[in-house]
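Have a look at the sequence and the structure, then read on.

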Amino acid sequence: MQSAYNAGEVMFAMPETDYEKAYLREKELRKQAEQLLEDRSRELFLANEQLKEANSSLHEQQKIAVQSEKMAALGVLAAGVAHEINNPLGYIYSNFSSLVEGLQDIQRFLHHMDGIIAQGDSLELLRDGWRNALLQFDIAYLLSDYQSLAMETIEGLERVKQIVADLKSFIRQEDGEKAPVDVNDCLRGALNILNNQTKYHAQVEVEYGDLPLIPGYFGKLNQVFINLIANANQAVPENGLIRIATRLVDGWIEVVIRDNGCGISEENMRQLFTPFFTTKPVGEGTGLGLSISHGMVQEHDGEIVVESQPGEGATFTVRLPVSAA
Ligand SMILES: Nc1ncnc2c1ncn2[C@@H]1O[C@H](COP(=O)(O)OP(=O)(O)OP(=O)(O)O)[C@@H](O)[C@H]1O
Ligand SMILES: [Mg+2]
């Protein structure tokens, strides 16, 4: 028997014995198995590549979906916000018209008094002239009116300023570092943005608890609250009740949003966070609000807990850990 040692395997020049034949057969089988394995690995590799591609395209789609949900939400909000801004602008405009009219009265009063003083009458006559003119031009009323018009105007301007600030934080792109967030402020902003939708439809009661700042994305949490409150508002009947409370429980910030609306069936409960699941008519809901909110709360290591019975309203609790700070 000839044998040679070659690269770790035994080489036979000629198949001479049963043993050698068996060895060669086994070697051939092993080769086939290896080939098969290699083919399978290649297939797996290719399948894996395809999956990776599909996954990254899904991520892209998801990003687009999130953005378009934001744009859709913004579209709905824009109409309301335009109305919200228009309201204070309306009375600021009319207040200024009254202020201008009042200013003309004051000018006339001063001109009148100028005339009296120019006559150089006695102090007695001057005093009478002054008192009469005060009554004639209704100066006391003008001044008190001025005060309330100015206060109202400032309030209106502050309202507009607040709406613009809330919108800015809603639109803000936040891919960078988390920053300290006051969850109460975030909720306040969401309520301001939605005010126009809720005020004609539901009664909103809010109780703010003492909360520590947590690292997070203001705009994203803002959007979560907007989605949940908008859902509650859509679920309640005319004059429904939405109760919101924030509190700190065992190292978790909880934002509880409770409504006395239609509630959620057991079957729907299972699909609540599935993208595009909606029970609302076309054009009213895209079914993305909760799935997007879920993702955003997860980015804060938090969770959304839902409790509901059909016909008995729903409670959505956003829980955010403070310890992540
Ligand atoms: N507070 C609630 N009360 C009753 N049902 C709710 C409530 N919140 C959500 N739902 C149910 O969950 C579904 C999914 O909600 P989600 O916010 O994801 O989508 P949507 O409100 O239908 O549409 P979108 O938010 O994209 O405009 C709703 O269609 C509704 O059936
Ligand atoms: Mg929704």
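What share of the 325 residues in the protein is buried? The figure is 34%. Keep in mind as you go that this is a predicted model.

## The overall build

The protein has 7 helices and 9 strands. If you look at contacts with a separation of 6 or more, 71% of them are between residues 24 or more positions apart.

## Around the ligand

Ligand 1 has 22 residues around it, and Thr-278, Thr-279, Lys-280, Thr-286 and Leu-290 come nearest. By type, the shell splits into 10 nonpolar, 8 polar and 4 charged residues. Three elements each put in at least two shell residues: α5 (218–235), α7 (289–298) and β9 (314–321). The largest share, 3 residues, is from α5.

Now for the polar atoms. Thr-278 has a polar side-chain atom 2.5 Å from an oxygen atom of ligand 1, and an N or O atom in the side chain of Lys-280 sits 2.6 Å from a ligand oxygen. With Leu-288 it's the backbone that takes part: one of its polar backbone atoms is 3.0 Å from an oxygen atom of ligand 1. Taken alone, ligand 1 would expose 600 Å², and the protein buries 92% of that.

## Helix α7, tucked in

Helix α7, one of the elements that contribute to the ligand shell, is largely enclosed by the rest of the structure, because 7 of its 10 residues are buried. Those buried residues are Gly-289, Leu-290, Ser-291, Ile-292, Ser-293, Met-296 and Val-297. Leu-290 is also among the residues that come nearest to ligand 1.

## Strands side by side

Let's take the pairings in turn. Strand β4 (residues 202–207) runs parallel to strand β6 (residues 240–249), with 6 bridges joining them; in this pair, Gln-203 stands opposite Leu-241. On to β7: β6 pairs with it in the antiparallel sense over 8 bridges, and Leu-248 faces Ile-253 across that pairing. The β6 and β7 strands form a hairpin with 2 residues between them, and Asp-250 in the turn has a positive phi of about 45°.

The β8 and β9 strands are antiparallel too, joined by 6 bridges. Here Val-305 stands opposite Thr-317 in β9. This hairpin has 5 residues between the strands, and Gly-311 takes a positive phi near 80°.

Glu-254 is found in strand β7 (residues 252–259). Why does this residue count as buried? Its relative accessible area is 8%, and the cut-off for buried is under 20%. The Glu-254 side chain makes a polar contact of 2.9 Å with the side chain of Arg-319. Leaving aside neighbours within four places in sequence, Glu-254 is in contact with Ala-245, Thr-246, Arg-247, Val-249, Thr-317, Val-318 and Arg-319.

Over in helix α5 there's Asn-233, which is buried because its relative accessible area is 7%. Not counting residues up to four places away in sequence, Asn-233 touches Gln-197, Thr-198, His-201, Ala-202 and Ile-242.

## Positive phi in the loops

Two loop residues deserve a quick mention. Asp-138, in the loop between α2 (123–136) and α3 (139–171), has a positive phi of about 55° although it isn't a glycine. With 42% relative accessibility, Asp-138 counts as partly exposed.

Asn-239 is found in the loop between α5 and β6. Its phi is near 65°, again a positive value in a residue other than glycine. Is Asn-239 buried or exposed? Asn-239 is exposed, with a relative accessible area of 65%.

Note on methods
Residues are numbered from 1 along each chain as its sequence is written. Chains are lettered from A and ligands numbered from 1 in the order in which they are written. This is a predicted model: local features need pLDDT of at least 70, side-chain atom pairs count only at pLDDT 80 or more; totals for chains, interfaces and linings use all residues. Side-chain values use heavy atoms; hydrogens and water are left out. A residue is near a molecule or strand if one of its heavy atoms lies within 4 Å of it. A polar contact is a pair of N or O atoms within 3.5 Å; within protein, one must be able to donate a hydrogen and the other to accept it, and residues adjacent in sequence count only if both atoms are side-chain atoms. Accessible areas come from the Shrake-Rupley method with a 1.4 Å probe; for residues, only the protein chains shown count as cover. Helices (H or I, at least four residues) and strands (E, at least two) are DSSP runs, numbered from the N terminus. Ala, Val, Leu, Ile, Met, Phe, Trp, Tyr, Cys and Pro count as nonpolar, Asp, Glu, Lys and Arg as charged, and the others, Gly among them, as polar. Buried means under 20% relative accessible area, exposed over 50%, partly exposed in between (1.4 Å probe, protein chains only). Contact means heavy atoms within 4.5 Å. Two strands pair if DSSP finds at least two bridges between them.
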